[in-house]
Amino acid sequence: TVAIVPVFLEGQIWGVMGFGHSDLEHNWQVPEVDALRAAASTFGAALQRWQNEEQRQAQERFLTTLADITQMSMEIPNIEAMLQALADRITDIIDADDCYITLWDAENRQSIPIAASADLRQAFQATGRRPAEDSVTGATLKLGRTLIVEDIKSSDYVSTTVAEQFSACSGIALPLMAGTDPLGVFFMTFREPHRFSPEEIARCEQATQQVALAIAKARLLNSEQAARRRAETLQRITEALSSSIHLHDVLDTMMTELQRVLPYDSASVQEIQGNHAVIIACRGFPNHYQIMGMRFDLSSEGTPNRQVIQSRQPLILGDAPATFEEFTSFPHAPASIRSWLGVPLIIGGQVLGMISLDKQLPDFYTREHQDLALAFAAQAAIAIQNAQLFAETQRRAAQQEALNTIIAAAAAALDLPGLVATT
């Protein structure tokens with residue numbers, strides 16, 4: 001006779017455990033059934049613990065790869081060498097087999113093969129420029145978002161010639177964007193059929209943002225002298241922001257580095273929480289403790305923050321009090337704000353919040369300040385998100401440690417090894 005007991009994982013049936021009895025007929029008693037259910041529950045908990053550990057290790061590998069991408073973008077000024085180094089390293093984020101990176105020639109509407117995984121580099125570059133209508137790059141940029149190709153050889157997005165040349169079954173293509181300007185496409189593939197999970201897609205999209213930022217920064221380094229000086233400034237900011245992964249330290253570094261590159265009398269970093277922008281860091285306000293935690297209603301037309309968040313574009317006010325009455329009232333009034341510059345913090349198409357800069361002189365901020373603030377905000381958004389991911393990983397690790405303690409105690413109480421041996 002046999003007793004079958006379900007094994008649950010995250011509230012869903014994962015499988016079953018079968019327990020056999022040597023008797024031809026056996027009337028299973030309630031205590032026996034309860035013991036079998038306890039064994040299945042403990043097994044399910046152990047399985048959950050293993051799965052959580054796998055997810056934690058995958059998240060750690062992902063964060064390490066992101067840190068390596070940032071480091072490469074700082075240390076390798078040549079764009080081709082940098083992208084080749086990234087192509088060799090970035091497959092680790094989802095354990096893909098190969099990676100391909102193209103750049104986009106907007107004037108001629110052609111994709112340029114620039115880098116690929118080490119053993120495919122020469123063959124990929126030899127494919128040459130391809131028109132938008134005959135390339136994954138053109139299709140992905142036209143779509144304007146992530147493109148999943150689960151069967152490459154039968155896909156309309158990949159040319160037959162390229163599909164036959166490279167041993168790829170499934171792939172994910174992501175647009176590399178600098179604002180609204182297309183830079184190219186980042187394409188990772190598997191040599192066996194593969195279904196992309198939401199977690200894999202999210203990781204690829206976040207990594208793509210850093211690759212795009214690395215490309216944009218490398219192009220700045222190759223431009224005229226003024227742009228080169230700006231890139232050097234951004235590199236220093238990146239190094240400073242990468243010096244810590246704790247959110248409090250990152251925000252403190254942001255305010256310090258911001259003062260060095262963009263003059264302000266007062267400034268704040270704001271995070272979107274529901275339908276409000278909430279100040280989570282600030283400098284220069286005489287009433288600092290009244291400003292910290294201040295909330296701006298994003299549905300109200302009486303604040304410039306709403307316009308910055310909704311438009312996803314920077315905003316300069318030459319005379320803030322003349323445009324928005326809130327600058328003349330408490331708690332803004334003590335800061336005597338006249339000029340105001342707001343820039344959104346965006347990563348992966350998501351607005352995390354914004355940075356606002358204030359000067360007590362009217363008409364102070366210029367387009368040059370705005371452009372530099374946007375570049376700074378791109379770096380800052382990545383640093384903030386990495387810090388938030390680290391904090392979340394630490395929280396989950398603490399929860400897992402507590403769960404492991406409970407499971408170990410339960411297993412000891414049930415004498416699970418002895419129970420398994422007798423069955």
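User: Which residues does Gln 125 touch, not counting residues up to four places away in sequence?

Analyst: In this predicted model, Gln 125 touches Pro 113, Ile 114 and Ala 115 once residues up to four places away are set aside. Gln 125 itself belongs to helix H3, residues 121-125. Another reference point is Glu 10, which is 115 residues from Gln 125 in sequence and 46 Å away in space, C-alpha to C-alpha.

User: What would a buried residue look like, taking Gly 171 as the case?

Analyst: Gly 171 lies in strand E7 and counts as buried because its relative accessibility is 0%. Leaving aside neighbours within four places in sequence, its contacts are Leu 147, Ile 148, Val 149, Ile 152, Phe 187, Met 188, Thr 189 and Phe 196. One of these, Ile 148, is 23 residues from Gly 171 in sequence, and the two C-alpha atoms are 6.2 Å apart.

User: Where is Leu 66 placed, and which residues is it in contact with beyond its neighbours within four places in sequence?

Analyst: Leu 66 is part of helix H1. Its relative accessibility is 1%, so it counts as buried. Beyond the sequence neighbours, it is in contact with Gln 206, Ala 207, Gln 210 and Asn 386. His 332, by comparison, is 266 residues from Leu 66 in sequence and 38 Å from it in space, C-alpha to C-alpha.

User: Which residues have the most contacts inside the largest nonpolar core?

Analyst: In soluble globular proteins, nonpolar side chains tend to be buried together. Here the largest nonpolar core has 34 residues, and those with the most contacts inside it are Leu 83, Ile 90, Ile 94, Ile 101 and Met 188. Two or more residues each come from helices H1 (30-75), H2 (79-89) and H6 (198-221), and from strands E3 (98-105), E4 (110-116), E7 (170-178) and E8 (181-190). H6 gives the most, with seven residues. Ile 90 illustrates the packing: not counting residues up to four places away, it touches Thr 65, Ile 69, Cys 99, Phe 186, Met 188, Ala 207 and Val 211. A second, separate core of 29 residues includes Leu 251, Leu 262, Ile 347 and Ile 355.

User: Which residues of helix H10 are buried, and what do they pack against?

Analyst: The buried residues of H10, which spans residues 304-311, are Pro 304, Asn 305, Val 308 and Ile 309. Viewed down the helix axis, they fall within an arc of 135 degrees, so they line one face of H10. They pack against strands E9 (266-273), E11 (295-297), E12 (315-317), E13 (339-347) and E14 (350-359). Just after H10, Arg 312 takes a positive phi of about 60 degrees.

User: How does one read a backbone feature of that kind, and where are Ser 336 and Asp 363 found?

Analyst: Most residues other than glycine have a negative phi, and most peptide bonds are trans. Ser 336 has a positive phi near 50 degrees and lies in the loop between H11 and E13. Its relative accessibility is 41%, so it counts as partly exposed. Asp 363 also has a positive phi near 50 degrees, and is found in the loop between E14 and helix H12 (367-414). With 62% relative accessibility, Asp 363 counts as exposed.

User: Which residues does a cis peptide bond join?

Analyst: A cis peptide bond joins Phe 330 and Pro 331, with omega at about 10 degrees. Pro 331 lies in the loop between helix H11 (320-323) and E13.

Technical notes:
Residues are numbered from 1 along each chain as its sequence is written. This is a predicted model: local features need pLDDT of at least 70, side-chain atom pairs count only at pLDDT 80 or more; totals for chains, interfaces and linings use all residues. Side-chain values use heavy atoms; hydrogens and water are left out. Buried means under 20% relative accessible area, exposed over 50%, partly exposed in between (1.4 Å probe, protein chains only). Helices (H or I, at least four residues) and strands (E, at least two) are DSSP runs, numbered from the N terminus. The arc is that of the directions from the helix axis to the C-beta atoms. Contact means heavy atoms within 4.5 Å. A nonpolar core is a set of buried Ala, Val, Leu, Ile, Met, Phe, Trp, Tyr and Cys residues joined through side-chain atoms within 4.5 Å.
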